Amino acid sequence: MKKKIIPVIVALVLILIIALVGFGGKILDKYSYSKELADLNAYFGVGEGELAIVLQDEMVEQKALLRDNAVYFDIDTIELYLNEGFYADVAEQKLLYTTANDTVTTAFGGKEYSDKTGSHPMEHATCLMEGERLYVAADYVKLFANFSYTLFDRHIQMDTRWGENRMTEVVKNTQLRTLGGIKSPILRELEKGETVEVLNQMETWSEVKTWDSLIGYVENKRLGNEFTETQIPVTDYVPAEYTSLSLPGKVNLGFHAIGGEAGNDTLDAMVAEGKGINVIAPTWFSLNDNEGNFRSYADRGYVDKAHGYGLSVWGVWDNFNYRNETGADISTYQILSSTAKRQQLVRNMVDTSLGLGLDGINIDYEGLPQECGEHYVQFLKELSVACREKGLILSIDSYVPFNFNNYYRLDIQGQVADYVIIMGYDEHWHGSGDPGSVASISYVSNGLDRTLNEENVPPEKIVNALPFYTILWQTEGANVTDQYITLNNVTDYLQRMNVQPAWDEATCQNYAEWKSGNVTYQIWVEDAESIAVKLNVMKTKNIGGVAVWRLGYGTEQVWDLVSAYANS
């Protein structure tokens, strides 16, 4: 009997041992540390010749390139993180950077750059094209931006701001893992005494960054001896200071619309009407081809006479009058997107202005498509350098700012120009088919607030342009037509129509509406009352002055208000 039982017992014991070993193996596997090594190429997401970018304490999605032992960033990465001032002309194979007093130029693939002091060599190409992307050498970018970078095998550490880091010491040999958990793959071994930066401390694990900019996780029990480390900021690049020219008091500018050389003969009448103005801006110049040439009605005698009246003369340069007059196919984009054409235009504008004895240049480029925005901004930068060098005041006419026209970059205009003239009208415009006020008080006030607070244009540089006209709207069924009525004619017109407008508190304008047959007429009147409210708003915002579109449209009463504001 015993002989039969013994084999059974042995079998049961073996089964128990096997079960215990299996269970113990599972327990051991559950609590043992993984020795799996992370794939660093996958961790960094890089291929051959690519470098991941660790910006501050975060790995960003953009990549750098390593070419001939030099680090290169694509132009979009530079604009996003380092400096948006670079301008690339792909057609002419040039990279430009315009400061307050110079334009620095380098050729794609070239190993030198030039500025007004001459040519300067570099050890490697300043920039290069790969496919359709332009990449710029990090060392070249450092000439125009404060940042630091350190190159490692598959990545770089880049810093653009500096402060105090929370540091800790590794107190026992351990591993840096991709995630918080002992089964997570190992990025690398950490040795006792090594220091790491603590990015995020959790209950049992901490997210850290090592000296070689690997970001991963370490068990808290392996860390200790915390301290802070102060980073040393990079301050090598000191941008040139933008200086500005300004009039002694507030600007009081009258636009003088001139449609031909004979229009210059109306100067005396315009000055007599616009009493108190200190700037007159004749609309003399208009682009007349796609090479950057312009037609001119300018007259030196006009300038001399205006100076005799004590006026500064700012010639107006536009991109639409010649086109509107002749139907010519003028493309501002074609002109401004070519560095050669754009820079020749700048030279001609400045030379012409100096030859006429002008005191300033006024830019009135309207209707630009969004793709023209970067070229327009570069044009303004280059023009500002030339104006600053020659002592010409640069003013720019700009729309009331909204999200849909932010490519006009009022923030940059406020930096490079002496005055930014906000065209505080066209809330509803001729031909829009949408009856409404040309310039309600909320439109004017909110536009100035956005210019001041969102675009950060200095208040002393802001000039608000007032409309000395209104629009009469005529609606018949679904058909809407309109016509301009000047401020000096609107009262007479309403009297002839036997219409008495009433004050509209929402727009701060006198409003009238009437019917004749099947036609409904609407008008939001610009008059002394509406202009007075706008001027009061401008006064509270302490901006740099007022402009009027246009001379020849005003009344004595309104000009008294404008003059009192300008001299307040």
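Trainee: Which residue in E6 is the bridge partner of Thr-98?

Mentor: The partner of Thr-98 is Thr-103 in E6. Please note that this is a predicted model, in which local features need pLDDT of at least 70, side-chain atom pairs count only at pLDDT 80 or more, and totals for chains, interfaces and linings use all residues. Residues are numbered from 1 along each chain as its sequence is written, and side-chain values use heavy atoms, with hydrogens and water left out.

Trainee: What makes E5 and E6 a pair?

Mentor: Strands pair if DSSP finds at least two bridges between them, a strand being a DSSP run (E, at least two residues) numbered from the N terminus. Between E5 (residues 94-98) and E6 (residues 103-107) there are 5 bridges, therefore they count as paired, and they run antiparallel. Tyr-97 stands opposite Val-104 in E6, and a hairpin of 4 residues joins E5 to E6.

Trainee: What is the order of the strands in the open sheet?

Mentor: The order is E4-E5-E6-E7-E8, with antiparallel pairing.

Trainee: Why are E4 and E8 called edge strands?

Mentor: E4 (86-89) and E8 (118-121) are the edge strands: each pairs on one side only.
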